[in-house]
Amino acid sequence: MSNSRLIIISAAIAVCQWINATDNDYTKWVDPFIGTTNFGTTNPGARVPNGMMTVTPFNVMGSSDNVFDKDARWWSTPYEFHNKFFTGYAHVALSGVGCPDVGSLLTIATTGDLDPDYFNYGSHYDNETASPGYYTNRLTKYDILTEATSTSRTSAERYTFPGGKGNILINLGQGLTNESGATVRRVSDTEIEGSKLLGTFCYNPQKVFPIYFVMRVTKKPSSSGYWKMQPVMTGVEAEWTPDNGTYKIYREYGRELSGDDIGYWFTYDSLAPGEQVEVRMGVSFVSTANARENLDKEQMSLTFDDMRSAARDQWNADLGRIRVTGGTDDQKKVFYTALYHSLIHPNVLNDVNGQYPLMESFGEGQVEEGHDRYTVFSLWDTYRNLHQLMTLVYPERQTDMVRSMISMYDEWGWLPKWELFGRETFTMEGDPALPVIVDTWRKGLRNFDMDRAYEAMVKSATTPGAKNPMRPDIDPYLQYEYIPLGAYSGDNSGDNSVSHALEYYVADNALAWLARERGDVALADELTKRSLGYRHYYSKESGTLRPIEMDGKFLEPFNPRQGENFEPVPGFHEGSAWNYTFFAPHDVDGMIKLNGGRKAFTNKLQKVFDEGLYDPANEPDIAYPYLFSRVPGEEWRTQKTVRELLDKHFTTAPDGIPGNDDTGTMSAWAVFSMMGLYPDCPGEPYYTLTSPVFDRVEIDTDHGTITIEADRKSPDQLFIKSMSLGDRPLKKYRISHDDLIKGKNLKFTLSDKK
């Protein structure tokens, strides 16, 4: 059995000892409701760090008087803060994403006569609270108290009934996934098993996969059975709507049932007032047998409260790897909630027996002893900062994440781009696994097969487009060092030629360093030359990067502000030219020169913030504030701008994240920025410094504890007067990872004068 897998009792004892020793509860600073509106798409569900399972309140669809349509309203999350109509607990959910998927296996408790109609049985709720590893509310329609907690691969729900007749339902037809189809089978009076089809993330019709489950109730029901929605056909062209479907309840049927809108029910004829019934569920992406083994081994004889306590202790252990002193209570809440969100994804994929579904392949893989297989690699987002946070603070997990990427290459021939439970969704652009792997290696984490990784990276960077699913527009890129409009738009998001090329430049820069280190000088030279191709896109007329037509001429007409409201724009994905123009983090000096020198560059960059052209929720420009520090004498602008952005866009309110959290990317930006350093270029082991929010930060790493101190007389003092690392004064505002871990103590003296 893997050393890293959760054995709850021993883990709980060890972590409790740790918490007692430190006498700190970091979970009290976490508010899971932050980011649950304003399209932050986080949710307050119960989970453990990087666990497979999340048990989440589902409130975005399904009220007979207030129907919410996830597609029309772009709900890619099971939960939205202002909605107060509960239609069940969803099991396994994504956090902070912009496309709907998973969020299925909906369970709910009701009272009175059995009614499996999704549009009837939901309830408004009150008394809602959440903390790491726990969620609760009261269903006002039924006066039922609901509670939820989880382990890494299982969930537990506790329902407190008012008395009388009660029901527990599992709905296998609804959820966030765009796929349909499920199977359920009765195992015993108190146990069922089955599977549900998931997939079509971002509406990709080919990426379908099953989730397997085993569900148990802790009290034998008076009766139980299946249901299936039966559409009433009024004509050949009739389609199902909530008004023309009826549900057939199966009371005596004893075999398994399959279909698109099916479910299972347990009914209790006579419950005492205050009587509790629990639902326990294990999931797996391999088999129902593995789901059962996950349930048996992770829950054993534990009570609901045992699991809730163990989940809280796990969160305390992870959050406590970074300790902050000073700052306001709100700043601590923003920081620790951001750290909490940064630890949701990627997720463990393997079961307790080590099995996991092979990437885009038949069969199962087996993790090596002492390691885990990870999934949910939203790499276009997370390659910019989240994996750097994992490398610094959670290196054992980051190592396994890189090992997982290399295993994916072994299994289907390519590194991941946006992988989801063993399927490649091809969402967004670039080749983001390359900078992650190189960045991890350059920071000293090397317990993975770099020879195999290098082979995979070279294949992705050099294979012609007709045979290259990761870079389908690589042919003109190799020929011209840029991608013209019309070369490729097969990802259904439009002709994002500039966005694609800019991401390739970052990947090729990272690989160039590795190629040179390995003595492959010719390839390194070619990759370095390629990585500077962003210069082809620079237009003096617009002062921005600009799409190039097939004939080599700039796009006409051209408005560099088009796309700032996410409207489609040629050349750029989810943003305007201004969101991308300064995105060449591997060649900032060259970019400064291209833009007319230091003064002109600084003025143009400042214009982005002064005129509202900066998007705090758009990945390509989130490092913009740190670019000021690459211009001598202008570093104060970084310190001022970063603090203003933190204060404005990261708050303790439900809309306290500026947009999609993107599987923790925006939160990781806040974590680094509040600590006073930011990883400014994926694939390069450097940080740009800024003034920390807190007086003292302690970071536990595998090289010992790093401290970051700020000497100031008042909270308003945010400009850096002097800096030192270890015993050495610092003059530059960029330090290497090696210098940080060797220097151990980073100290700032702050002033109110820039």
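User: Where does Pro416 lie, and is Pro416 buried or exposed?

Analyst: This is a predicted model, and in it Pro416 lies in the loop between helix H8 (395–412) and strand E25 (418–420). A residue counts as buried when its relative accessible area is under 20%, and Pro416, with a relative accessible area of 0%, is therefore buried.

User: With which residues is Pro416 in contact, leaving aside its neighbours within four places in sequence?

Analyst: Once those neighbours are set aside, Pro416 is in contact with Leu379, Met405, Met408, Glu424, Ala433 and Met470.

User: How many residues of helix H7 are buried, and which are they?

Analyst: Helix H7 (residues 386–393) is mostly covered, since eight of its eight residues are buried. They are Leu386, His387, Gln388, Leu389, Met390, Thr391, Leu392 and Val393.

User: Now I would like to turn to helices that pack together. What describes two packed helices?

Analyst: Two packed helices are described by the angle between their axes and by the distance between the axes. For helix H9 (residues 433–442) and helix H10 (residues 450–462), the angle is about 150° and the axes are 11 Å apart. Angles over 145 degrees count as roughly antiparallel, and H9 and H10 are therefore roughly antiparallel to each other. Their crossing is left-handed.

User: At what angle do H9 and H12 pack, and how far apart are their axes?

Analyst: H9 and H12 pack at an angle of about 40°, with axes 8 Å apart, and these two helices are therefore oblique to each other. The crossing of H9 and H12 is left-handed. In this contact Leu434, Pro435, Val438, Trp441 and Arg442 of H9 meet Val506, Ala507, Ala510, Leu511, Trp513 and Leu514 of H12. The residues of the contact divide into ten nonpolar, no polar and one charged.

User: My last topic is salt bridges. How many does a search of the whole structure find?

Analyst: Such a search finds 49 salt bridges. To read one of them, begin with the side chains of Asp431 and Arg471, which meet in a salt bridge with an N to O distance of 2.9 Å. This pair links distant parts of the chain, 40 residues apart, with Asp431 in the loop between strand E26 (423–424) and H9, and Arg471 in the loop between H10 and helix H11 (474–480). Asp431 is buried, with a relative accessible area of 2%, and Arg471 is buried as well, with a relative accessible area of 0%.

User: Which residue forms a salt bridge with Asp508, and which helices hold the pair?

Analyst: Asp508 forms a salt bridge with Arg530, and the closest N and O atoms are 3.1 Å apart. Asp508 lies in helix H12 (residues 497–517) and Arg530 in helix H13 (residues 521–531), so the pair ties together parts that are 22 residues apart in sequence. Both Asp508 and Arg530 are buried.

User: What about Glu709 and Arg696: are they buried or partly exposed?

Analyst: Glu709 and Arg696 form a salt bridge in which the closest N and O atoms are 3.2 Å apart. Glu709 lies in strand E32 (residues 704–711) and Arg696 in strand E31 (residues 696–701), so the pair ties together parts that are 13 residues apart in sequence. Glu709 is partly exposed, with a relative accessible area of 24%, and Arg696 counts as partly exposed at 28% relative accessibility. Elsewhere, salt bridges that share partners join Arg185, Glu191, Glu193, Arg216, Arg292 and Asp296 into one network.

How values were computed: Residues are numbered from 1 along each chain as its sequence is written. This is a predicted model: local features need pLDDT of at least 70, side-chain atom pairs count only at pLDDT 80 or more; totals for chains, interfaces and linings use all residues. Side-chain values use heavy atoms; hydrogens and water are left out. Axes are lines fitted to C-alpha atoms, for helices over the stretch in contact, and angles run from 0 to 180 degrees between N-to-C directions. Helices (H or I, at least four residues) and strands (E, at least two) are DSSP runs, numbered from the N terminus. Angles under 35 degrees count as roughly parallel, over 145 as roughly antiparallel, 65 to 115 as roughly perpendicular and the rest as oblique. A crossing is left-handed if the near helix is turned anticlockwise from the far one by less than a right angle, and right-handed if clockwise. Buried means under 20% relative accessible area, exposed over 50%, partly exposed in between (1.4 Å probe, protein chains only). A salt bridge is a side-chain nitrogen of Lys or Arg within 4 Å of a carboxyl oxygen of Asp or Glu. Contact means heavy atoms within 4.5 Å. Ala, Val, Leu, Ile, Met, Phe, Trp, Tyr, Cys and Pro count as nonpolar, Asp, Glu, Lys and Arg as charged, and the others, Gly among them, as polar.
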